[in-house]
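Some notes follow on the points I would look at in this entry.

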Amino acid sequence: MLSSLFRGTALPGRQAAPSERDPFAETLRLVGERVILRPLMIEDAPAMFAYARDSEVTRFLPWEPAATVESVLPFLQDQVSRRTRQESLGMAILLAETGEMIGSTDLMDLRRIRGEGEIGYLLAQPYWGRGLMTEAARMTLECGFGRLKLTRVTAYADAENRGSRRVLEKLGMNPWGSEMRVVHGEDRLYIRYQIRRATWLAEFRQRLSPQGTK
Ligand SMILES: CC(C)(COP(=O)(O)OP(=O)(O)OC[C@H]1O[C@@H](n2cnc3c(N)ncnc32)[C@H](O)[C@@H]1OP(=O)(O)O)[C@@H](O)C(=O)NCCC(=O)NCCS
């Protein structure tokens, strides 16, 4: 874990290959206990369609459920081009056991305010409630604070999206204001969360300590 956070910052005894250091490289792989993250690709369309067509998955997202495989292509094309411009890091979540793609995370708006980014995510419904997004989002944050050297990460969750709010809390993110958004034609209250690099590092060290039980 420690080595993955600081990968790319010249650990003694081993020089990382350039592609390993580049968080925007197509070859990036973040390997966790139960999930593996790798950059989203256009070829992910059928796997993404399988869950993006589910109205429960899109309930708190600013999209309608996908009607066809083709309808998820603009999302994937946008993810690939924003990664190429180093504006965001959109990652597919694969089940480590089978390699099946079951969702995605995104670190976005990386160029809007220097050193800052916003995290977002979604997961196929059959996999909810198993701690998989907590693991995937934690790996994404680790990449943001480690490889990307971010100083602050924000997130927005619908006030009624209890699962997403709990994921953010488990990452150590704190509520920091709110705003109204129109989603599926309704005015919705969105809670803004944030975490700073220093807090993340403190949480991270706590998890590494023998007493760290999170
Ligand atoms: C929100 C979402 C990402 C949660 O993913 P997940 O893998 O089910 O979350 P986890 O299993 O890691 O659970 C994290 C915590 O949230 C809790 N939780 C998960 N879903 C919940 C729900 N619907 N209601 C209440 N708590 C919930 C879990 O119990 C766990 O808390 P605990 O460890 O204290 O028990 C997933 O439901 C999803 O993709 N939803 C649709 C897309 C979406 O809303 N994305 C977020 C937009 S901001």
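1. Start with Leu 30, which is found in strand β1, residues 30-31. The model is a predicted one. Leu 30 counts as buried because 21 C-beta neighbours fall inside 10 Å, against a threshold of 20 or more.

2. Which residues does Leu 30 touch, not counting residues up to four places away in sequence? They are Ile 36, Leu 37, Met 139 and Cys 143. Leu 30 also comes within 9.7 Å of Glu 142, C-alpha to C-alpha, although the two are 112 residues apart in sequence.

3. In soluble globular proteins, nonpolar side chains tend to be buried together.

4. Ile 93 has a contact list that reaches several parts of the chain. Setting aside neighbours within four places in sequence, Ile 93 is in contact with Val 35, Leu 37, Met 101, Ile 102, Gly 103, Ser 104, Thr 105, Leu 123 and Ala 136.

5. Is Ile 42 buried or exposed? Ile 42 sits in the loop between β2 (35-39) and α3. This residue counts as exposed because it has 11 C-beta neighbours inside 10 Å, and the limit for that class is 12 or fewer. Beyond four places in sequence, Ile 42 is in contact with Leu 73, Leu 76, Gln 77 and Val 80. For Ile 42 and Val 80, 38 residues apart along the chain, the C-alpha separation is 7.6 Å.

6. Helix α3 covers residues 45-52, and its buried residues include Ala 45, Met 48, Tyr 51 and Ala 52. Why are they on the same side of α3? They cover an arc of only 135 degrees around the axis, which puts them there. An α-helix has 3.6 residues a turn, so residues three or four places apart point the same way. The buried residues of α3 pack against α4 (73-84) and β4 (101-108).

7. The ligand is surrounded by 22 residues, of which Trp 128, Met 133, Thr 134, Gly 163 and Arg 166 are the closest. At least two residues of this shell come from each of β5 (116-123), α5 and α6 (162-170). The most come from α6, with six residues. By class, the shell divides into 11 nonpolar, seven polar and four charged residues.

Notes: Residues numbered from 1 in each chain as written. Predicted model: local features only at pLDDT ≥ 70, side-chain atom pairs only at ≥ 80, totals over all residues. Contact = placed C-beta atoms within 7 Å. Near = placed C-beta within 6 Å. Helix = DSSP H or I, 4+ residues; strand = E, 2+ residues; numbered from the N terminus. Nonpolar A, V, L, I, M, F, W, Y, C, P; charged D, E, K, R; others polar. Arc of directions from axis to C-beta.
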